[in-house]
Amino acid sequence: MNQAKRIAILSRLREANPHPTTELRYGSPFELLIAVLLSAQATDVSVNKATATLFPVAGTPSAMLALGSEGIKSHIKSIGLFNIKAENIIKTCRILLEQHQGRVPEDRAALEALPGVGRKTANVVLNTAFGWPTIAVDTHIFRVCNRTEFAPGKDVAAVEQKLIKVVPAEFRVDCHHWLILHGRYTCIARKPRCGSCLIEDLCEFREKVYA
Ligand code: SF4
């Protein structure tokens with residue numbers, strides 16, 4: 001795909017949604033970090049349902065530790081992998097209190113050192129809580145970038161590298177959310193909605209679906 005097409009795609013996505021953000025509900029960087037931790041292999045809807053009762057009683061690392069692992073589990077047990085996620089939350093809160101004055105560090109290495117936090121989660125927190133121009137690549141973005149030929153790559157790391165190279169600075173901060181929402185609601189995994197796709201004429205996928 002050439003750069004003029006990429007810019008046309010990003011411009012169209014921006015026009016349709018000038019201020020995109022995450023669908024996870026949160027009120028602070030700490031709540032965002034916990035919500036993203038919980039969202040691994042779970043839908044944002046299921047995470048929001050759990051955090052609607054969890055955050056009012058445990059919106060800080062110390063309140064989360066006071067609630068304890070069993071208390072956390074009672075709020076998140078409808079989410080996949082809830083046992084390990086509760087343990088990771090406890091360990092993460094301890095590190096935040098012991099090493100970061102109870103705050104979420106605005107630092108990639110420090111974020112990735114937290115239990116259960118990988119590159120993708122760190123990218124989401126840096127982008128969404130702190131406005132960094134990072135582009136986290138999840139399954140939706142990976143699919144959209146390969147199908148459309150916008151930024152093809154054999155794995156998420158390769159797609160992220162390509163995106164960093166080809167997305168102009170003016171689109172960088174919001175690119176993650178535009179692509180994720182496009183993948184979630186239009187360019188869906190099993191049957192893309194090409195007939196109602198905003199970028200259909202620019203997309204280079206060879207097997208478009210119109211039915
Ligand atoms: S035209 Fe189809 S394959 Fe291309 S981005 Fe749109 S929904 Fe996805």
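I take buried as under 20% relative accessible area, exposed as over 50%, and partly exposed as in between, with a 1.4 Å probe and protein chains only. By that rule Leu81, at 45% relative accessibility, counts as partly exposed.

**Ground rules.** The model is predicted, and local features need pLDDT of at least 70, side-chain atom pairs count only at pLDDT 80 or more, and totals for chains, interfaces and linings use all residues. Residues are numbered from 1 along each chain as its sequence is written, and side-chain values use heavy atoms, with hydrogens and water left out.

**Loops.** I looked up where Leu81 sits: it is in the loop between H4 and H5. Helices here are DSSP runs (H or I, at least four residues; strands are E, at least two), numbered from the N terminus. Phi of Leu81 is near 60 degrees, a positive value in a residue other than glycine. Gln41 also went on my list, with a positive phi near 55 degrees. Gln41 belongs to the loop between H2 and H3 and is exposed, with a relative accessible area of 71%. For background, most residues other than glycine have a negative phi.

**Domains.** I noted two parts, domain 1 (3-20 + 134-196) and domain 2 (29-130); the bounds come from an automatic or database domain assignment. Their centres, taken over C-alpha atoms, are separated by 26 Å. Eleven residues from domain 1 and nine residues from domain 2 make the contact, where contact means heavy atoms within 4.5 Å. Between them the domains bury about 740 Å², 44% of it on carbon and sulfur atoms. That figure is the accessible area (1.4 Å probe) that the two parts lose on being put together, summed over both. Thr134, Ala136 and Glu160 supply 54% of the area that domain 1 buries against domain 2.

**Cores.** I count as a nonpolar core a set of buried Ala, Val, Leu, Ile, Met, Phe, Trp, Tyr and Cys residues joined through side-chain atoms within 4.5 Å. The largest has 33 residues, and those with the most contacts inside it include Ile34, Leu54, Ile76 and Leu111. Helices H2 (29-38), H3 (44-57), H4 (61-76), H5 (82-99) and H7 (119-128) each give two or more residues to this core. The largest share, eight residues, comes from H2. Apart from this core lies another, of 24 residues, with Leu163, Val166, Trp178 and Ile199 among them. I then checked Ile76: leaving aside neighbours within four places in sequence, Ile76 is in contact with Leu38, Ala50, Leu54, Phe82, Lys85 and Ala86.

I looked at two of the annotated residues more closely. Cys197 is in the segment after helix H10 (169-185) and counts as buried at 18% relative accessibility. Cys203 is in the segment after H10 as well, and is buried with a relative accessible area of 15%. Not counting residues up to four places away in sequence, Cys197 touches His182 and Thr186.

**His182.** I found His182 in helix H10, buried at 8% relative accessibility. Beyond four places in sequence, His182 touches Leu13, Val144, Cys187, Cys197 and Ile199.
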